[in-house]
Amino acid sequence: GDFLQWVGGQEGGGGLEKLAIYAGPGTAGGAGVIVKAHASTPLGTIAGAVVLRDVTVSGEGTWDHAVMLDGSERQDCANACGVRIVRFDNVHLFQADVAALLCVNCIAFEWFGGGAYGVTPWAVVTGQKNRVLADVEIR
């Protein structure tokens, strides 16, 4: 199942630093980290504003996606659609069965350092609007 989920609100945001998220032996499915723009997030507010720094998502078990950035419920792009302002610094993603990273309507997502390992495709980017910048290792 899913481990940690942020649901967008009043530009609250948050972050994780120097953390390993681990899928236990025999587990499968879900996501290690989810950042979600919920349909009930008030229009004009930012769903996101999240930073992950020096984080690893791995385990003996597996995830469907190590990380999901899910802006699928925020479709009104005149009023801050999608998940916005997410930054990864030195984030390493392992043990994903579907894709290490799923981005749906991700606006202003940046990922520098780290990488995605052992799964193809390493990322799935979909939705009506995405702005993604990444400089990472893929193996």
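**Salt bridges and strands**

Guide: Let's start with Arg-53, which forms a salt bridge with Asp-89, their closest N and O atoms being 3.3 Å apart. Keep in mind that this is a predicted model.

Visitor: Okay, where do Arg-53 and Asp-89 sit in the chain?

Guide: Arg-53 is in strand 4 (residues 48-59) and Asp-89 is in strand 6 (residues 83-93). They're 36 residues apart, so the pair links distant parts of the chain.

Visitor: And is Asp-89 buried or exposed?

Guide: Asp-89 counts as buried, at 13% relative accessibility. Arg-53, with a relative accessible area of 32%, is partly exposed.

Visitor: What network is Arg-53 linked in?

Guide: A network of salt bridges links Arg-53, Arg-87, Asp-89 and Glu-110. Within that group, Glu-110 and Arg-87 meet through their side chains in a salt bridge, 3.0 Å from N to O. That pair also links distant parts of the chain, with Glu-110 in strand 8 (residues 106-116) and Arg-87 in strand 6, 23 residues apart.

Visitor: How accessible are Glu-110 and Arg-87?

Guide: Glu-110 is at 30% relative accessibility and counts as partly exposed. Arg-87 is at 31%, and counts as partly exposed too.

Visitor: How many salt bridges turn up in the whole structure?

Guide: A search of the whole structure finds five. One of them joins Asp-70 and Lys-36, with the closest N and O atoms 3.1 Å apart.

Visitor: Why does that pair tie together parts that are apart in sequence?

Guide: Because Asp-70 lies in strand 5 (residues 63-70) while Lys-36 lies in strand 3 (residues 31-36), the pair ties together parts 34 residues apart in sequence. Asp-70 and Lys-36 are both buried.

Visitor: Switching topic: how many residues of strand 5 are buried?

Guide: Seven of its eight residues are buried, so strand 5 is largely enclosed by the rest of the structure.

Visitor: Which way do strand 3 and strand 5 run, parallel or antiparallel?

Guide: Strand 3 and strand 5 run parallel, joined by five bridges. Val-35 stands opposite Leu-69 in strand 5.

Visitor: And how many bridges join strand 5 to strand 7?

Guide: Six bridges join strand 5 to strand 7 (residues 96-104), and those two run parallel. Take His-65: its bridge partner in strand 7 is Ala-99.

Visitor: What do side chains do in a regular strand?

Guide: In a regular strand, they alternate between the two faces of the sheet.

Note on methods. Residues numbered from 1 in each chain as written. Predicted model: local features only at pLDDT ≥ 70, side-chain atom pairs only at ≥ 80, totals over all residues. Heavy atoms only, no water. Salt bridge = Lys/Arg side-chain N within 4 Å of Asp/Glu carboxyl O. Helix = DSSP H or I, 4+ residues; strand = E, 2+ residues; numbered from the N terminus. Buried < 20%, exposed > 50% of the residue type's maximum accessible area, 1.4 Å probe, protein only. Pairing = 2+ DSSP bridges.
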